[in-house]
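Here is a short report on one structure. Look at the sheet and the helices first, then at the ligand.

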Amino acid sequence: MSKYLEQKKESIVRVNRIIDNLQSVQDVKEILEKYKFKHDKLLKQYEKLSRVFEFHKGIIQNISSGIITIDLSGNITFMNSTALEMIANKSENMLGKSMEMLFADREEGHLIINQLLKLNKMFESREATLVDINGEIIPIGFSTTPLRENNSDGTTGYIFIFRDIRELINFRKQMERMDRLATLGELSAGIAHEIRNPLAGIKTSAQVLEESFSPGDFRAQLISRIVKEIDRSNKLLQRFFNFAKPSRPKPGFHQLQNIVDGVYLLLAPKMAKRKIKFHTSFDEHLPSIYIDESQFEQVILNLFLNAIDAMPDGGDLNVSAVFDKSIILNEAPDNPGAIIIAVSDTGRGISPEKIEKIFNPFYTSKSDGVGLGLSISSRLLEENQSRIEVQSEPQKGATFTIYLPHVKNNQE
Ligand SMILES: Nc1ncnc2c1ncn2[C@@H]1O[C@H](COP(=O)(O)OP(=O)(O)O)[C@@H](O)[C@H]1O
Ligand SMILES: [Mg+2]
């Protein structure tokens with residue numbers, strides 16, 4: 001007889017023996033009660049366990065950091081919802097796929113995973129870039145810890161905990177930009193001063209010399225030319241000086257529409273010549289903006305001039321403005337919201353390598369450009385508690401977006 005049947009036979013014999021020994025229905029009841037008691041206890045323990053499980057699951061799913069676990073071959077075994085939202089559609093099944101594939105730079109991903117798996121090297125606050133299923137690159141800061149399951153001494157996998165650090169990186173870039181501008185400002189202020197003094201000396205001497213010739217003398221004409229050139233240099237220095245130390249903003253409440261219309265009137269002939277169409281669309285109840293009017297005009301003028309330069313064969317220049325109550329730009333709690341102004345063109349656009357540089361002083365791609373328009377604009381906006389961002393795709397145009405903090409106007 002096979003072993004299986006042998007076992008079956010034994011258990012039947014055992015049950016038969018129990019039945020033979022049962023004295024009464026009462027006995028059966030007692031045995032069943034005992035089982036029921038045991039089951040109830042198990043049920044309660046099960047409920048308790050599942051509450052603890054749900055609690056832990058809730059923490060892991062709702063935490064704002066992404067969590068991914070991998071097994072010892074580097075394949076994904078778990079992703080919490082933050083991680084899923086960040087890099088995949090919720091429906092996408094990433095389980096079992098190689099973690100390496102999530103890194104934007106595969107080589108870097110390979111290195112990191114290899115160091116983890118082969119050398120058991122943990123990472124702490126390391127930066128890297130992931131890529132989501134749409135190909136968008138997400139800079140992250142991450143740390144790793146070994147994964148040990150209960151009752152096991154060895155590592156069964158690794159946990160990645162990471163955060164999206166796009167905002168941090170933007171902030172860092174802005175700080176760098178401000179730093180560069182400040183250094184440049186100090187430098188040019190120093191130079192302007194140093195050059196202005198000898199220029200003043202040259203000018204006075206030239207004027208004295210000029211008087212010693214009769215007005216018709218060609219030497220007098222040459223000297224008057226020298227004086228004119230000195231005046232021109234002085235003006236240029238003044239411009240640098242303004243850049244180094246922009247005058248303190250004198251903010252007031254203004255209607256954005258008026259400022260934009262004013263700048264447009266100035267440039268309308270130029271736009272018409274280039275066949276550029278101008279459109280505006282403003283929120284119906286756009287609050288007034290609190291800025292230094294002439295500084296803000298300068299910013300809009302710089303953006304319009306750049307847009308015109310970017311559309312030599314015509315196109316559209318659009319200005320839109322919306323009021324977003326949910327954005328908080330400054331710390332004043334009674335002034336929530338921001339006015340978001342977008343200036344977009346349909347011109348040649350800016351390549352990704354260039355876009356990093358366009359706010360740098362003296363960066364220009366134009367043969368007759370100075371490269372100060374955007375750096376001055378971003379500086380002026382900073383002085384007005386605002387900021388500017390750019391988005392562009394080559395050949396499709398560029399959009400410059402200004403975020404102005406909303407300030408309540410008690411007159412309105
Ligand atoms: N709307 C735009 N479309 C395409 N490129 C732009 C646009 N605005 C700015 N740029 C780029 O940014 C550079 C810097 O602009 P800016 O600081 O105003 O200096 P400039 O206009 O003197 O070159 C430009 O040379 C150009 O390459
Ligand atoms: Mg310019």
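Helix α8 lies across β7, β9, β10 and β12, and runs at about 25° to β10. Helices (H or I, at least four residues) and strands (E, at least two) are DSSP runs, numbered from the N terminus. Contact means that C-beta atoms, placed from the backbone, lie within 7 Å. Axes are lines fitted to C-alpha atoms, for helices over the stretch in contact, and angles run from 0 to 180 degrees between N-to-C directions.

This is a predicted model: local features need pLDDT of at least 70, side-chain atom pairs count only at pLDDT 80 or more, and totals for chains, interfaces and linings use all residues. Residues are numbered from 1 along each chain as its sequence is written, while chains are lettered from A and ligands numbered from 1 in the order in which they are written.

**The sheet**

Five strands form an open sheet with mixed pairing, in the order β7-β9-β10-β12-β11. Two strands pair if DSSP finds at least two bridges between them. The edge strands, β7 and β11, each pair on one side only. From one strand to the next, the twist averages 15°. Helix α7 also packs on the sheet and touches β7, β9 and β10. Its direction makes about 165° with that of β7.

| β7 | 276–282 |
| β11 | 387–393 |

Glu 393 has Gly 397 in β12 as its bridge partner.

**The ligand**

Ligand 1 is surrounded by 22 residues, and Asn 306 and Gly 373 are among the closest. A residue counts as near if its C-beta atom, placed from the backbone, lies within 6 Å. Helix α8 gives the largest share of this shell, four residues.

How values were computed
Two residues are in contact if their C-beta atoms, placed from the backbone, lie within 7 Å.
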